[in-house]
Amino acid sequence: MLVTFRAVFVSLMRNPGLLVWAVGLPLALSTMFIFMFDSLERNDAMGELPVVVVRGEGAGGAAEDGFGGLAAGWSDAGSFAGSVDDEGAFLRFVEAVSADGDPDGDGLLSVTYASSAEEAQRLVADSQGGDDAFVGYIAFEGGQPRAYLYPTTETVADLAKQSIVVLLLDQYVSRASLVRGIVQSDPMLLADGRLIATMTDPFEATERISVTQNPLSEKVRYYFALLGFAALSCATMGLTAVLGLRGCSGPLGARRAVGGVSHSRALLGTLLASWAASFLCLLAVFLFMSLTVDFGDRVLGCLAVLLVASLTAVSLGCAVAVIPKLPDSTRAGIITAVTCMAALFTGLYGQPTMELADRIARAVPASTLVNPAAQIAEAFYGLLYYDSFAPTLGHLAILLAMCAVLFALSARALRRQRYASL
């Protein structure tokens, strides 16, 4: 049996067609996901907010003639809460919250200075349409900072950036006004460090907690669906290995049929070799995915899921291999069709298919029970997001039941095979 195991394992791992389907395609799709989601995450990240700050003698201008003024859509964010007549203190505050003033380079604002309101308007207008378009400009007028926000298409991201700028200035003015009032009424209160900390530390009324084992991420669903697709793709290995056992498959199959190794031992060695080869292919895909998906401390559990998933793939390939009176190309087509259809109902092919899969799962919950790709994806979900292993064990039990049924059908069909001559 060991000789059979080694021979079948080496032949499978040296078959370029099988490796392309079982490893190459999942790795290519995973690479595509990495670049796609990395680009989306960069676009969604807020980062530093680019603004123009007017300083110098021309700081008192407003958005008016020559640039369209407020009538053309410029939004005056208002005078905020209170009044602060120290422009120097405000400019020091701006420098402190900018990327240049932060020791770690992680400031909230990316500041560009202008000497007049007209120059600030021109800088903001010229930047529109670029990757680092200015949100607007800030001018110190009448003893207080005033923000002029550029008219946008009012997308969610643009509105969020403008809201952050307004909130930042509002907090500055309100806290500066509070300090000014304390200085005028009782300056000795500022000697209390706790009072200063209360005014300067951010106030957190709520505590952020996670109800899942790991933080939720929308992209993870695509990777788990891809793992289900990759697992079923390995069914071609079980198909190829079992087809080689048939006495009518060729000279090698005929020698195996009349050789000294019993048919049961040869079949067991073949299935074990297919399982090992499938597991190694899935492991390669999993390790590549782990570069972008954090599986935390559940890596060993993920390996257990991979073992069961690869066994499911082998059982599927074995079951298709024993279907009588079918050309080998048709058997391979059946594996491909089953793999692609199962992946469709896990949402692998994009948002529309994901919504379709969700609707079908809600309407017919039992549909996921017969979908091995969905069970594999759900098993990974259970590991990543549940404190208990019970959900994952339930999905693994369903997969093992599938294996038992498929292997039982395969064994029944293999016992009935007879050959008139070899």
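**Aromatic rings in a predicted model**

Phe286 is buried, with a relative accessible area of 2%. Keep in mind that this is a predicted model. Burial here means a relative accessible area under 20%. Phe295 has 5% relative accessibility, so Phe295 is buried as well.

Now look at the aromatic pairs. The structure holds 10 of them. Take Phe33 and Tyr223. Their rings lie 5.8 Å apart, centre to centre. The angle between the planes is 90°, and the pair is edge-to-face. This pair joins distant parts of the chain. Phe33 belongs to helix H2, residues 16-44. Tyr223 belongs to helix H7, residues 219-233. Are Phe33 and Tyr223 buried or exposed? Both Phe33 and Tyr223 are buried.

Return to Phe286 and Phe295. Why is this pair tilted? The ring centres of Phe286 and Phe295 are 4.7 Å apart, and the planes meet at 40°, so the pair counts as tilted. A stacked pair needs planes under 30 degrees apart, and an edge-to-face pair needs over 60.

Phe286 and Phe295 also belong to a cluster.

The charged end of Arg55 sits over the ring of Tyr113. The distance to the centre of the Tyr113 ring is 3.9 Å. Arg298 has its charged end over the ring of Phe389, 4.5 Å from the ring centre.

Notes:
Residues numbered from 1 in each chain as written. Predicted model: local features only at pLDDT ≥ 70, side-chain atom pairs only at ≥ 80, totals over all residues. Heavy atoms only, no water. Phe/Tyr/Trp six-rings, centres within 6.5 Å; stacked < 30°, edge-to-face > 60°. Helix = DSSP H or I, 4+ residues; strand = E, 2+ residues; numbered from the N terminus. Buried < 20%, exposed > 50% of the residue type's maximum accessible area, 1.4 Å probe, protein only. Lys NZ or Arg CZ within 6 Å of the ring centre and 35° of its normal.
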